[in-house]
Amino acid sequence: MNPVTPLLKGAVIAYQWTLRPILGCNCRFHPSCSDYALGALSEHGALRGTGLAAWRILRCNPWNPGGYDPVPPRLNRLAPRAPGQPET
């Protein structure tokens with residue numbers, strides 16, 4: 001794990017404990033954007049997780065209907081395929 005990832009996760013947790021109670025949880029997605037950011041950072045690391053979280057926050061606007069939007073799974077493109085295994 002990149003050493004920056006725990007710092008970013010700490011920043012999100014600090015937001016959840018300080019500003020979110022004041023601002024209220026008004027996210028139109030489930031899980032909320034901050035929970036999504038924590039999941040993206042855990043699953044994908046600092047760089048890709050930050051990008052996914054930023055894209056999610058940009059989509060959280062009045063013109064988007066929202067809904068259930070889980071963190072996408074990590075793709076392991078470097079893993080060799082077994083003979084006869086279909087390409088994913």
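Visitor: How many disulfides are there in it?
Guide: The count comes to zero disulfides, a disulfide being a pair of cysteine sulfur atoms within 2.5 Å. Please keep in mind that this is a predicted model, in which local features need pLDDT of at least 70 and side-chain atom pairs count only at pLDDT 80 or more, while totals for chains, interfaces and linings use all residues. Residues are numbered from 1 along each chain as its sequence is written, and side-chain values use heavy atoms, with hydrogens and water left out.

Visitor: Which cysteine sulfur is nearest to that of Cys-60, and how far away?
Guide: For Cys-60 the nearest cysteine sulfur is that of Cys-27, 3.8 Å away, and Cys-60 is in no disulfide. Cys-60 is partly exposed, with a relative accessible area of 27%, where buried means under 20%, exposed over 50% and partly exposed in between, using a 1.4 Å probe and protein chains only.

Visitor: And Cys-25?
Guide: Cys-25 is in no disulfide either, as the nearest cysteine sulfur, again that of Cys-27, is 6.4 Å away. Cys-25 is exposed, with a relative accessible area of 53%.

Visitor: Switching topic, what is the order of the elements?
Guide: From the N terminus on they run α-α-β-α-α-β, which gives four helices and two strands; these are DSSP runs, with helices (H or I) of at least four residues and strands (E) of at least two, numbered from the N terminus.

Visitor: Which residues of α1 are buried?
Guide: Thr-5, Val-12 and Gln-16 are the buried ones in α1. Seen down the axis of α1, they fall within an arc of 45°, so they line one face of the helix, the arc being that of the directions from the helix axis to the C-beta atoms. Leu-7 and Trp-17, on the other side of α1, are exposed.

Visitor: Which residues are closest to its centre?
Guide: Of the 19 residues lining the largest pocket, the closest to its centre are Tyr-15, Cys-33, Ser-34, Ala-37 and Ile-57. The elements giving two or more residues to that lining are α1 (4–18), α2 (20–23), α3 (33–44) and α4 (46–59).

Note on methods. 1 Å grid on protein atoms, 1.4 Å probe; cavity = no way out; pocket = protein on both sides within 12 Å on 5 of 7 lines; lining within 4 Å.
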